[in-house]
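Here are my notes on the model you sent. They run as numbered points, to be read with the structure open.

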Protein chains: 2
Amino acid sequence: MPAATTIKDVARRARCSIASVSRVVNDSGPVSGPLRQRIAAAVAELDFSPSEVGRSLALKRSRTIGVLVPSVTNPVFADCLAGLQDAARRAGHAVLIAQSNYEAGREAEAIAPLIAERPAGLVLTVCDPASSEARRRAAAAGIPTVLLFNEPAPAVGTEIDVEANAGGGAVVTVDNRGAGRELAAAVLARGHRRLAFVAGRFESSDRARARFEGFRDALTAAGLPVAPPIEIDFLDGADHIDLTEVLARLQPTAIVASNDLLAIGVMAALRRHGLAVPQDVSVAGFDGIAIGRLIAPSLATVEWPARAMGTAAAAMLLDLVGPRGGKPTAARTLRLPHLIRPGGTLADAPVTSCLPLETSP
Amino acid sequence: MPAATTIKDVARRARCSIASVSRVVNDSGPVSGPLRQRIAAAVAELDFSPSEVGRSLALKRSRTIGVLVPSVTNPVFADCLAGLQDAARRAGHAVLIAQSNYEAGREAEAIAPLIAERPAGLVLTVCDPASSEARRRAAAAGIPTVLLFNEPAPAVGTEIDVEANAGGGAVVTVDNRGAGRELAAAVLARGHRRLAFVAGRFESSDRARARFEGFRDALTAAGLPVAPPIEIDFLDGADHIDLTEVLARLQPTAIVASNDLLAIGVMAALRRHGLAVPQDVSVAGFDGIAIGRLIAPSLATVEWPARAMGTAAAAMLLDLVGPRGGKPTAARTLRLPHLIRPGGTLADAPVTSCLPLETSP
DNA sequence: CTGTTAGCGCATTCAA
DNA sequence: TTGAATGCGCTAACAG
């Protein structure tokens with residue numbers, strides 16, 4: 001395993017000092033034509049690429065950004081990550097990843113390795129921004145942070161954080177609650193009156209909670225009773241959702257899931273109960289993952305530009321960091337638009353259930 | 001933005017030298033009880049976590065590993081990545097990601113930022129290991145590499161690579177060709193005689209090629225003609241596959257796709273043609289992505305333990321790197337087992353087509 | 001046991 | 001225009 005070529009090797013080969021090599025490599029400072037030639041040649045011949053670790057140490061800031069998502073196996077976060085990585089790469093930054101597995105208690109340990117790498121900034125999707133230990137740690141470490149998909153929340157933490165986060169509060173997200181309202185309204189418009197809401201655990205996702213709140217808003221506005229949400233341990237793989245009780249108790253004609261992966265799981269569960277979607281029960285979700293378009297019936301959902309959100313988060317973070325730590329110019333909070341995507345899983349309610357049915361006590 | 005606390009801050013607070021701090025932090029060398037106490041206290045109070053960049057520079061090896069996948073939005077790679085990241089984290093390593101977008105020409109530039117970070121090692125899924133420029137660069141840089149999902153191929157490159165890769169050839173994969181054979185056999189067993197193979201571009205995936213070769217093996221062994229594979233520009237999002245020509249020309253009763261994402265896309269395309277799966281045409285894929293189980297009909301596929309492969313790749317790489325760069329103990333090539341997963345998309349061939357039909361010239 | 005020091009790869013003063 | 005020297009945070013000899 002040959003040691004990586006260093007700036008010294010290049011300097012020796014070009015018969016000059018490392019300072020000059022640094023100058024041409026970074027295009028900083030003046031270098032005469034001939035010398036520049038020799039150095040360029042040496043760089044090419046030795047296939048020299050400067051060590052980011054050396055550079056980071058000298059500059060006291062790295063070209064790496066860290067990303068924490070609940071899980072990379074949820075397509076919506078994979079999309080974010082793809083966009084984010086792409087934007088970061090174009091800006092010459094590397095991307096470190098971490099996963100919390102939707103557990104608030106694991107967020108802190110998950111980002112510890114990221115913080116240890118002294119990244120230029122962090123993009124976080126946490127369970128609950130208001131109480132996130134990870135967010136607090138990042139702030140304490142003085143690392144600029146952008147929240148992704150989370151609801152904006154006041155900066156957390158101790159005295160030191162206040163200063164650290166002075167320019168903080170950056171967030172790229174969507175209108176989760178508004179989307180919940182609109183989706184519920186779309187379901188109601190189809191004549192459904194008994195709606196169930198299936199979600200991941202609220203303690204694991206402020207998005208799920210906000211979406212439910214919007215759902216509740218719409219039902220309440222329509223003068224309908226709101227059944228308590230069904231919270232499910234959600235780990236992307238949760239392919240065995242148990243709807244027995246809800247179906248028996250509420251007899252819903254439509255089920256709204258807090259995300260598309262769950263919605264697809266709900267469809268499978270309904271099928272196991274011998275119920276047809278959408279003939280017996282309609283289903284809708286949030287996120288607009290690509291697969292939802294391809295399955296049959298296609299998934300009715302709220303679509304937001306996940307990939308673009310990743311791109312935007314990277315852009316905002318890099319702007320926040322600034323080439324010189326100068327004044328950031330980007331908006332502090334960016335809410336990207338969403339769209340109700342009609343799908344075959346959402347149909348008119350069966351005629352027999354257009355009127356609210358009292359649940360027997 | 002307060003500067004991160006350094007080992008000096010801790011030393012000052014504990015009234016000792018930085019060497020002693022280093023000793024307790026890394027548990028290297030002896031430190032008296034009392035001093036250890038003071039240092040531990042200082043570390044806790046200052047929330048000190050040693051800079052990996054400083055450490056990497058001093059040690060000349062980092063605790064970071066880089067990963068190149070075609071795309072993180074393909075669930076099979078997301079699964080790999082999840083497993084890999086998890087294993088790396090447990091071993092105290094951070095994970096850097098890069099994507100090639102299934103383009104061989106982009107692999108080199110994609111991993112450039114990774115190499116610049118001087119990672120302990122690299123896990124690569126490339127288009128074609130035999131000609132991969134990225135692989136060559138990694139070898140030239142002397143970075144231990146594990147191929148993931150690729151077919152094993154001799155070490156590439158120049159003189160220097162030979163030495164660099166002397167211990168190389170590490171790969172975690174599956175029996176792509178064997179799986180292709182078995183899946184085709186399973187389809188043939190259902191009475192199908194006109195089979196089409198839809199794949200991503202072979203130049204983008206040695207896996208797709210190997211799977212097709214297995215497919216061809218089985219058809220040939222059964223004395224059937226083998227239609228040329230349909231290669232498709234595949235970018236995970238390719239939700240508009242055009243099957244018009246294949247359907248007209250071959251009139252297949254079964255279509256095998258080189259991966260599950262494609263298979264799902266194929267199902268959607270068939271639907272657009274008014275064909276029912278599996279009544280009119282059966283479909284099968286490779287990878288065993290989780291969603292395949294949940295959709296209806298469920299996707300017949302070849303399942304391999306993607307997440308475990310990521311875990312295994314991390315383990316092999318870390319072993320390869322070694323705590324001391326010592327002799328690695330793990331196998332050089334690891335082939336994980338696969339399983340034909342039956343699914344509703346694969347059914348008996350329509351009776352009218354049990355016998356081979358001559359295609360008109 | 002503890003402290004001092006050299007040096008990892010690089011950018012950056014400061015002199016020449 | 002160029003080079004020598006300093007220091008970034010840390011580990012690892014080496015001295016005491």
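1. Which residues point one way from strand 5 (residues 171–174) of chain B, and which the other way? B:Val171 and B:Thr173 point one way. B:Val172 and B:Val174 point the other way. All are buried. As a rule, side chains in a regular strand alternate between the two faces of the sheet. Keep in mind throughout that this is a predicted model.

2. Next, the partners of that strand. Strand 5 of chain B runs parallel to strand 4 (residues 145–148) of chain B, and two bridges join them. Here B:Leu148 has B:Val172 as its bridge partner. Strand 5 of chain B also runs parallel to strand 11 (residues 333–336) of chain B, joined by four bridges. In that pairing, B:Val174 stands opposite B:Leu336.

3. Chain A has an open sheet of six strands, in the order 7-6-8-9-10-12. The pairing is mixed. Its edge strands are strand 7 (230–232) and strand 12 (339–341) of chain A, each of which pairs on one side only. On average, neighbouring strands of this sheet are turned by 20 degrees against each other, direction ignored.

4. Strand 8 (residues 254–257) of chain A pairs with strand 9 of chain A in the parallel sense, over three bridges. A:Ala254 stands opposite A:Ser282 there. Strand 10 (residues 300–303) of chain A pairs with strand 12 of chain A in the antiparallel sense, also over three bridges. In strand 12 of chain A, A:Ile340 stands opposite A:Val302.

5. Why is strand 9 (residues 282–287) of chain A largely enclosed by the rest of the structure? Six of its six residues are buried, so the strand counts as largely enclosed. A:Ser282, A:Ala284 and A:Phe286 point one way. A:Val283, A:Gly285 and A:Asp287 point the other way. Note that the buried set includes A:Asp287.

6. Now helix 2 (18–26) of chain A. A:Ser20, A:Val21 and A:Val24 are buried in this helix. These residues cover an arc of only 100 degrees around the axis, so they sit on the same side of helix 2 of chain A. The buried residues of the helix pack against helix 1 (7–14) and helix 3 (33–46) of chain A. The face turned away from the buried side carries the exposed residues A:Ala19 and A:Asn26. Just after the helix, A:Asp27 takes a positive phi of about 55 degrees.

7. DNA strand D is surrounded by 28 residues, and the closest are A:Ala19, A:Pro30, A:Ser32, B:Ile7 and B:Gly54.

8. Near DNA strand C, helix 2 (18–26) and helix 4 (52–59) of chain A, together with helix 2 (18–26) and helix 4 (52–59) of chain B, each supply at least two residues. Near DNA strand D, helix 2 and helix 4 of chain A and helix 2 and helix 4 of chain B each supply at least two residues. The surface near DNA strand C has 16 nonpolar, 10 polar and two charged residues. The surface near DNA strand D has 16 nonpolar, 10 polar and two charged residues.

9. The contact between the chains takes 54 residues from chain A and 54 residues from chain B. On the side of chain A that touches chain B, helix 5 (75–90) of chain A is one of the elements that supply at least two residues. Helix 5 of chain A gives the most, with seven residues. By class, this side of chain A has 32 nonpolar, 12 polar and 10 charged residues.

10. Strands also pair across the two chains. Strand 2 (94–99) of chain A and strand 2 (residues 94–99) of chain B pair in the antiparallel sense over three bridges. The bridge partner of A:Ile97 is B:Val95.

11. Last, a loop residue. A:Asp128 lies between strand 3 (121–124) and helix 7 (133–140) of chain A. A:Asp128 counts as partly exposed because 18 C-beta neighbours lie inside 10 Å. Leaving aside neighbours within four places in sequence, A:Asp128 is in contact with A:Ala104, A:Glu203 and A:Asp206. The C-alpha atoms of A:Asp128 and A:Phe202 are separated by 8.9 Å, and the two residues are 74 residues apart along the chain.

Terms used. Residues numbered from 1 in each chain as written. Chains lettered and ligands numbered in written order. Predicted model: local features only at pLDDT ≥ 70, side-chain atom pairs only at ≥ 80, totals over all residues. Nonpolar A, V, L, I, M, F, W, Y, C, P; charged D, E, K, R; others polar. Buried ≥ 20, exposed ≤ 12 C-beta atoms within 10 Å, placed from the backbone. Arc of directions from axis to C-beta. Contact = placed C-beta atoms within 7 Å. Pairing = 2+ DSSP bridges. Axes fitted to C-alpha atoms, helices over the stretch in contact; angles between N-to-C directions. Near = placed C-beta within 6 Å.
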